[in-house]
Amino acid sequence: MSDDIHPVTDPWDPGATRPSAAWNASEEPSGMRPDDESTGGRLSDEDVRAGYDRPVGATETTTANRRWWDAEAEAYYAEHGAFLGDADLVWGPEGVREESLGVLGELEGRLVLEFGAGAAQGARYAADRGARVVATDLSMGMLRRAARIDAARGDAAPCSEQEAGPMVPLAQADACALPFPDDTFDIVFSAYGAVPFVADGALLVRECARVLRPGGRLVFSTTHPIRWAFPDAPGEAGLTATMSYFDRTPYSERSDAGLEYAEHHRTLGDRIRDIAAAGLRLVDLVEPEWPAENTATWGGWSPLRGRLLPGTAIFVCEKETVPRDARPGR
Ligand SMILES: C[S@@+](CC[C@H](N)C(=O)[O-])C[C@H]1O[C@@H](n2cnc3c(N)ncnc32)[C@H](O)[C@@H]1O
């Protein structure tokens with residue numbers, strides 16, 4: 001089976017779950033970065049100037065992060081794939097799973113979008129529970145990894161789609177410009193996809209709200225905003241605040257070639273205002289506690305820090321059925 005990525009024009013067409021037409025997307029060349037354990041596969045310390053020292057625009061963020069995730073895709077899967085599971089929805093490094101949290105609600109028969117899907121593990125989880133899904137991501141490298149997982153699942157159970165699980169339709173898309181009509185999906189979600197990596201967090205939430213049908217659900221997890229104030233270190237050094245929580249200047253990595261990578265910060269208040277402004281209602285804000293049985297470290301997330309500080313925030317929102325400005329009395 002080809003591991004090409006296919007575009008999705010009609011994700012809720014049952015035929016789209018095993019599309020026959022492959023899409024030969026033109027892929028931007030992306031240079032592999034040296035794999036250095038201490039920097040998670042990024043350029044070495046000598047090559048990169050990292051800091052919180054200047055603003056980074058939306059376009060340069062998207063271009064740099066797409067290249068970075070393309071280059072990082074295989075190393076990321078090698079490091080985290082087993083923890084995530086190929087058809088599971090893990091909300092963050094704490095290891096809290098949708099199976100136990102249940103924040104997406106009923107999945108059977110629902111039209112579901114996973115944005116910033118990476119290797120589409122969450123979309124596969126939803127598809128296995130009867131949802132009609134589509135998974136999108138900025139990085140072709142991540143989507144190719146997703147297609148390989150689907151191909152391997154198909155090979156492992158070649159007799160029937162039921163045994164293999166449905167194949168996930170994949171499309172390359174910036175989460176801030178989703179290629180879907182308004183009011184399309186019942187559920188839109190992401191586990192750490194796109195949200196920490198876009199310059200305009202408000203635009204991203206508006207875009208998710210746009211493609212959600214009234215009454216539909218948006219759930220996304222991301223780095224808990226409080227983490228911004230602390231060094232990204234799993235040990236004792238990560239327990240002392242060294243940055244202002246209120247400083248929105250992004251984290252960026254630059255080489256002589258330009259921007260290599262960027263992460264953007266929004267405070268908790270910023271995120272909640274973005275959600276309200278997009279016509280969504282926040283129905284829950286889950287701060288998963290670190291489970292005693294999880295002894296794994298993921299970057300700066302660790303059992304030590306997890307005992308003291310939240311590492312992940314999961315925002316659970318619903319799209320208003322009547323737009324705020326159309327309500328009586330307004
Ligand atoms: C930490 S991974 C999360 C993916 C998956 N849920 C996981 O846990 O592995 C972040 C993903 O966000 C994607 N991403 C970054 N910026 C994006 C953007 N602007 N639009 C869509 N996806 C983006 C990256 O390509 C990457 O696949």
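Which residue in β8 does arginine 254 stand opposite? Arginine 254 stands opposite leucine 259; the views below show this pairing and other parts of a predicted model. Residues are numbered from 1 along each chain as its sequence is written. Local features need pLDDT of at least 70 and side-chain atom pairs count only at pLDDT 80 or more, while totals for chains, interfaces and linings use all residues.

View A. Strands β7 (residues 251-255) and β8 (residues 258-263) pair in the antiparallel sense over five bridges. Pairing requires at least two bridges found by DSSP. Strands are DSSP runs of E with at least two residues, helices are runs of H or I with at least four, and both are numbered from the N terminus. Two residues lie between the strands of this hairpin. Serine 255 has glycine 258 of β8 as its bridge partner.

**View B. The three-stranded sheet.** The sheet is open, runs in the order β1-β7-β8 and has antiparallel pairing. β1 (49-51) and β8 stand at the edges with a single partner strand each, so one side of each lacks a neighbour in the sheet. On average, neighbouring strands are turned by 15 degrees against each other, direction ignored.

**View C. Helix α1 against helix α4.** α1 (residues 58-84) packs with α4 (residues 140-156) at an angle of about 35 degrees, and their axes are 6 Å apart. Axes are lines fitted to C-alpha atoms, for helices over the stretch in contact; angles run from 0 to 180 degrees between N-to-C directions. From α1, Trp69, Asp70, Ala71, Ala73, Glu74 and Tyr77 meet Met140, Gly141, Met142 and Arg145 of α4. Contact means C-beta atoms, placed from the backbone, within 7 Å. By class, this contact has six nonpolar, one polar and three charged residues. Ala, Val, Leu, Ile, Met, Phe, Trp, Tyr, Cys and Pro count as nonpolar, Asp, Glu, Lys and Arg as charged, and the others, Gly among them, as polar.

**View D. The shell around the ligand.** The ligand is surrounded by 21 residues, and the closest are Trp69, Gly118, Leu138, Ser139 and Ala175. A residue is near if its C-beta atom, placed from the backbone, lies within 6 Å. Helix α1 gives the most to this shell, with four residues. The shell has 12 nonpolar, seven polar and two charged residues.

**View E. Surroundings of valine 188.** Leaving out residues up to four places away in sequence, Valine 188 touches Leu113, Phe115, Cys208, Val211, Leu212 and Leu218.

How values were computed: Contact = placed C-beta atoms within 7 Å.
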